[in-house]
Amino acid sequence: MPDPNQLADAVRAEATRLGFDLVGITPAVTPAGFDHLQEWLRRGYAGEMSYMPRREDAYEHPSGVLPEVRSLIVVGLNYFNADYESDQDETTSPQATGRIARYAVGTTDYHDVLKSLLKQLGRFLQDKLPECRTRSVVDTAPLLERDFAVLAGLGWFGKNTMLINKRIGSWFFLGALLTDAELTPDAPHATSHCGTCTRCLEACPTDAFPEPGVLDARRCISYLTIELRDQPIPQDLREGMGNWVFGCDICQDVCPWNRKAPPSTVDDFEPLNDLTPADLTWLLSLDEDAFRKRFRGTPQFRTGRSGLLRNAAIAAGNSGDRSLIRVLTQVAADPEELIRGAAAWALGRLGGAAVEATLTQRQQVEPSAPVLQEVDAALCRVRGDS
């Protein structure tokens, strides 16, 4: 039987060789954050993410993911790319463009990248200990990865709930390899290094943090643009979304620990030109086939065409760019009512005689009551501004 110290050292070395920027080991225990999760769910902060309360009990211990688990190998993979200036705001970026979170502008879905590397790490461990069992996890299983990352010594929770590492900031993905092998653990990270800084809390345009360290997902731009599927964005949060069409980086952009973040060395995370930034006219012009062809196998595929175009329409309305009226007029008649409603709202924000004529025409033919409410409200706005 291999010595737990030697086996742990070998695993850490192999994880580093594979390209992981962070690696730590922790015993399989009930994480301290489980009680916080239960309270968070009780307060309704999960919003429409029904899979979380449905699997609540499974988060109590990693044995819910792998029976007889004894150790977790927690890894971090840096995705920061300095060539993508995600911190541009509407005053510095072209008006008719949308912003996509830095993690989602590469060539490959990060789940696939991490799972491939974790499977290689699992095979390495099984070569050393053939009888052991392993399971790779990349944010889809009921596992509190960030809690175990703290226990594995990788960093601390920022006030924006992100895991922060002194060396690479917060621009990294987390993954975990669960195993029934006994591995000598690392010391937990016991100290927060945020001090009195509250920049992340103050920068959030939708006030998604009711208190430090607590995120009300229902108000988070990332949740609104990705997790809130098949529903309109709440009216009072649309303006705060700015020109974000997928995810949000604001609370990370302002974090002092990210000022000197090293660049990623992973080619799959290199940003693509058509997403940095994304042309709103192009996004709003995508039919179902074009959407699938461009975004299949990417994070954006998760929203579906209707979700992505809904977000793009909101961004268009916030842009103030009247050159987008033409394409918004086209999608105001889209087969998807989610898109039509967002387009009506956006047209109402841009205003003008041409918009009034379009909305008046839509008022006569719109078959959906919720969308008709959007059209009526947009028309009132246009007429009130004129």
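Is the crossing of helix 1 and helix 4 left-handed or right-handed? The crossing of these two helices is right-handed, where right-handed means that the near helix is turned clockwise from the far one by less than a right angle, and left-handed that it is turned anticlockwise. The model shown in all views is predicted, with local features requiring pLDDT of at least 70, side-chain atom pairs counting only at pLDDT 80 or more, and totals for chains, interfaces and linings using all residues. Residues are numbered from 1 along each chain as its sequence is written, and side-chain values use heavy atoms, with hydrogens and water left out.

**View A. The packing of helix 1 against helix 4.** Helices (H or I, at least four residues) and strands (E, at least two) are DSSP runs, numbered from the N terminus. Helix 1 (residues 4-18) and helix 4 (residues 110-128) have axes 10 Å apart and pack at an angle of about 150°. Axes are lines fitted to C-alpha atoms, for helices over the stretch in contact, and angles run from 0 to 180 degrees between N-to-C directions. Helix 1 and helix 4 are therefore roughly antiparallel to each other (angles over 145 degrees count as roughly antiparallel, under 35 as roughly parallel, 65 to 115 as roughly perpendicular and the rest as oblique). From helix 1, Leu7, Ala10, Val11, Glu14, Ala15 and Leu18 meet Leu117, Gln120, Leu121, Phe124, Leu125 and Lys128 of helix 4, contact being heavy atoms within 4.5 Å. Nine of the contact residues are nonpolar, one is polar and two are charged; Ala, Val, Leu, Ile, Met, Phe, Trp, Tyr, Cys and Pro count as nonpolar, Asp, Glu, Lys and Arg as charged, and the others, Gly among them, as polar.

View B. The open sheet has the strand order 1-2-7-4, with antiparallel pairing; two strands pair if DSSP finds at least two bridges between them. Strand 1 (22-27) and strand 4 are the edge strands, each pairing on one side only. From one strand to the next, the twist averages 20°. Helix 4 packs on the sheet, where it touches strand 2, strand 4 and strand 7, and its direction makes about 35° with that of strand 7. Helix 1 lies across strand 1 and strand 2, and runs at about 150° to strand 1.

**View C. Strand 7 and its neighbours.** Eight bridges join strand 7 to the antiparallel strand 2 (residues 71-78), and Ser71 stands opposite Thr179. Strand 4 (residues 134-137) pairs with strand 7 over four bridges, also in the antiparallel sense, with Arg135 as the bridge partner of Leu178. In a regular strand the side chains alternate between the two faces of the sheet. Both faces of strand 7 are covered, with Phe172, Leu174, Ala176 and Leu178 buried on one side and Phe173, Gly175, Leu177 and Thr179 buried on the other (buried means under 20% relative accessible area, exposed over 50%, partly exposed in between, with a 1.4 Å probe and protein chains only).

**View D. The packing of helix 14 against helix 16.** The axes of helix 14 (residues 337-350) and helix 16 (residues 369-385) come within 8 Å and cross at roughly 5°. Helix 14 and helix 16 are therefore roughly parallel to each other. Their contact residues comprise eight nonpolar, two polar and five charged.

**View E. The surroundings of Gln300.** Gln300 is placed in the loop between helix 11 (288-295) and helix 12 (304-319). This residue, Gln300, is buried, with a relative accessible area of 1%. Not counting residues up to four places away in sequence, Gln300 touches Ile100, Ala104, Phe246, Leu275, Phe291 and Phe295.
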